[in-house]
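Have the sequence and the model open side by side.

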Amino acid sequence: MSKSVVPSAGGRAAILIAQRGDLFVYGTLQFPEVLRILLGRIPDGSPIALTGWRAAALARRPYPGLVPANATVPGMLLTGLRAEELEVLDEYESGPYELRKLSLTDGRPAWSYVWTDAPSVLASDWSADEFAAEHLPAFVVQVRAWLVGRAAAKSDGSTAVRPHDPELAS
């Protein structure tokens, strides 16, 4: 396996921490409201894009997946993330994501979470404006609930589930 691809089975946050990697975000992590809930602060970030990819809409999910495409996806480059923040973000990006080192439009390397569940990828692109208008307030509540569940799970040795994942909804 390439050093630029890290599978989801553990070690992803450690790679980010060890390499002090910057994180390219293209979906819900672009929203200050989500970052503030997850990290307790809004880290340094700057707008940037990634060529050869798109933020795809996903079936039954309010968030996108980064998939290869003949396109350019806008996003944010988060920098200066602390080890504990990278651990939270890595847990938050659980599910069918693979951590990859990619090259941004300005040539800088950055890590990003690439979607790996091809059957759930829709032909349409994800819209940040539509997400903000239709899903953001409820999504922030769900992220807050996940964070509370994560703290409880850590104390009893279990795993917190993300309430915004459709396969976990009852």
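Residues are numbered from 1 along each chain as its sequence is written, and side-chain values use heavy atoms, with hydrogens and water left out.

**Confidence.** pLDDT is the predictor's confidence in each residue, from 0 to 100. The chain averages 87, and 82% of the residues score at least 70.

| Element | Residues | Mean pLDDT |
|---|---|---|
| strand S1 (lowest) | residues 5–6 | 56 |
| strand S7 (highest) | residues 121–125 | 98 |

Where pLDDT is low, the predicted coordinates should not be read in detail.

**H2 against H3.** The axes of H2 (residues 32–39) and H3 (residues 83–92) come within 10 Å and cross at roughly 115°. Axes here are lines fitted to C-alpha atoms, for helices over the stretch in contact, and angles run from 0 to 180 degrees between N-to-C directions. On the H2 side, Val 34, Leu 38 and Leu 39 meet Glu 85, Val 88, Leu 89 and Tyr 92 of H3, where contact means heavy atoms within 4.5 Å. That set divides into 6 nonpolar residues, no polar ones and 1 charged.

**The buried side of H2.** Val 34, Leu 35, Ile 37, Leu 38 and Leu 39 are buried in H2, meaning under 20% relative accessible area (1.4 Å probe, protein chains only). The buried residues of H2 pack against S4, H3 and H5. Just after the helix, Gly 40 takes a positive phi of about 80°.

**Val 34 and Thr 28.** Leaving aside neighbours within four places in sequence, Val 34 is in contact with Thr 28, Leu 29, Tyr 92, Leu 136, Phe 139 and Val 140. Thr 28 itself is found in the loop between strand S2 (23–25) and H2. Is Thr 28 buried or exposed? Thr 28 is buried, with a relative accessible area of 5%. Residues that Thr 28 touches include Tyr 63, Pro 64, Trp 126 and Phe 131.

**The core.** Of the 44 residues in the largest nonpolar core, Val 34 and Leu 38 touch the most other members. The largest share of this core, 6 residues, comes from S3. Such a core is a set of buried Ala, Val, Leu, Ile, Met, Phe, Trp, Tyr and Cys residues joined through side-chain atoms within 4.5 Å.

Note on methods:
Helices (H or I, at least four residues) and strands (E, at least two) are DSSP runs, numbered from the N terminus. Ala, Val, Leu, Ile, Met, Phe, Trp, Tyr, Cys and Pro count as nonpolar, Asp, Glu, Lys and Arg as charged, and the others, Gly among them, as polar. Buried means under 20% relative accessible area, exposed over 50%, partly exposed in between (1.4 Å probe, protein chains only).
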